[in-house]
Amino acid sequence: MPIAILQITLVAFISFIFIKLLIKYPISLATPSKRGMHCNVMPSSGGIAILGTYICITLYPYLIHAHSLNINSPIIGLTLIALLGYLDDKFKLSKAFRFFSQAIISILVIVNSHQLNILEIIVWACFFIFLVNIYNFMDGIDGLATSQAIFVLTSFIILDNFYSFGVLILFIIPLLIFLFYNIKPSKVFLGNAGSYMLGMLIIILLFNSTYASDDIYILNHIAVALILLTIFIADSLYVLLARFIYKYKSSNNILLSLLYITTPHNTHCYQILAKKYNNHNKVNLLLMLYNILWCLPLSILCQSYIEYSIVFLLFSYIPYLFYCYNNNIGKE
């Protein structure tokens, strides 16, 4: 126990140092825009500070205990996707290059982790790309993406069917430290470097835990994770569909409508709520209450009653989708 406390304290201290350095010496800046939710120029790419801590955590057993650093280590995928996000923060990469790079990184992670057939690789690669971009879509107000990641990883500990407490807590601590500087009034943003990395972290943990034991029912295991991610997935899918339908009605052009849904906007449910309440922290609290009081209990039930996975999944999504409808999200 004293060793575990020492490790947690050390990780927290390293995170604090990295974040303070990044705030003082920003490597990229987020500038206000018409569609953004902020009014001041802010240090961005805060995910690099979190990544720095994760790299230190990974290198510790390699340097101190002479453990081998394998190519299938999660840190490889996290580093590559965070660097891609940083380049996007800095140079505004094209959509085609971003998606292509995300696909390559996702496939590298998948094929170097488990032996799967080509169909499984394609399905998982699509899921990787989807979640990375969903996290990017939802990183629009202070603290939301960070707090959601903390909720999901903490839920993984409670469910006890993903990764061990010792591993997950070391992922959570840097996020808690970062959240302190990311809640309103924020002193640093995650940036694409951070949102890409958090999406990649969660999907890697889900992917690896899915094949960790023969006792795991794969579809049920994935359903449990989807319930925990209800807010991000439901919000994003609803707003994408709503914007596609809106554009298609006016243009009657499928390609133009598909391009339209990838353009920046501020019509997500959390953005509508942030404008309504003029308080990012209040929005985070409301969404976290939905997570804790509704999604988490349903995920526990889903894990316990495997035959009703789809029922619990629908119970988790339908109220939030109705909430999105009631708030007219996706409409500019």
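Predicted model: local features only at pLDDT ≥ 70, side-chain atom pairs only at ≥ 80, totals over all residues.
**Entry 1**

I then looked for a charged partner and found aspartate 88, which forms a salt bridge with arginine 98. The closest N and O atoms of the two are 3.5 Å apart. Arginine 98 belongs to helix H4 and aspartate 88 to helix H3, so the pair ties together parts that are ten residues apart in sequence. Aspartate 88 has 4% relative accessibility and therefore counts as buried as well. I noted the general point that side chains of opposite charge can pair when their charged atoms come close.

**Entry 1. The other salt bridge**

I asked how many salt bridges the structure holds. The number is two. Besides the pair in my previous entry, lysine 184 and aspartate 142 meet through their side chains, at 3.8 Å from N to O. Lysine 184 sits in the loop between H7 and H8, and aspartate 142 in the loop between helix H5 (118–137) and H6, so this pair ties together parts that are 42 residues apart in sequence. I checked the cover of each residue. Lysine 184 counts as partly exposed because its relative accessibility is 37%. Aspartate 142 is buried, with a relative accessible area of 2%.

**Entry 2. A cis bond**

I stayed with lysine 184 and read along the backbone. The peptide bond from lysine 184 to proline 185 is cis, with omega about 0°. Proline 185 is in the loop between helix H7 (165–182) and helix H8 (191–210). I wrote this down because most peptide bonds are trans.

**Entry 3. Positive phi angles**

Most residues other than glycine have a negative phi, so I noted exceptions. Lysine 92 is not a glycine, yet its phi is positive, about 55°. I found lysine 92 in the loop between helix H3 (74–91) and helix H4 (95–111). Is lysine 92 buried or exposed? Its relative accessibility is 63%, so lysine 92 counts as exposed.

Aspartate 160 also has a positive phi, near 55°. It lies in the loop between helix H6 (144–159) and H7, just after H6. At 64% relative accessibility, aspartate 160 counts as exposed.

**Entry 4. Helix H6**

I went back along the chain to H6. Its 16 residues reach 22 Å from the first C-alpha to the last, close to the 22 Å expected at 1.5 Å a residue. H6 is mostly covered, as 13 of its 16 residues are buried.

**Entry 5. The nonpolar cores**

The largest nonpolar core has 91 residues. I listed the members that touch the most other members: Tyr54, Leu78, Trp124, Phe128, Leu153, Met197 and Met200. Which helix gives the most to this core? It is H8, with eleven residues. I followed methionine 200 and, leaving out residues up to four places away in sequence, found that it touches Gly77, Leu78, Ile81, Ile105, Ser106, Phe128 and Val132.

Helix H13 (280–304) and helix H14 (309–326) each supply at least two of its residues. H14 has the largest share, five residues. Isoleucine 318 lies in H14.

Key. Residues numbered from 1 in each chain as written. Heavy atoms only, no water. Helix = DSSP H or I, 4+ residues; strand = E, 2+ residues; numbered from the N terminus. Buried < 20%, exposed > 50% of the residue type's maximum accessible area, 1.4 Å probe, protein only. Core = buried A, V, L, I, M, F, W, Y, C linked by side-chain atoms within 4.5 Å. Contact = heavy atoms within 4.5 Å. Expected span 1.5 Å × (residues − 1). Salt bridge = Lys/Arg side-chain N within 4 Å of Asp/Glu carboxyl O.
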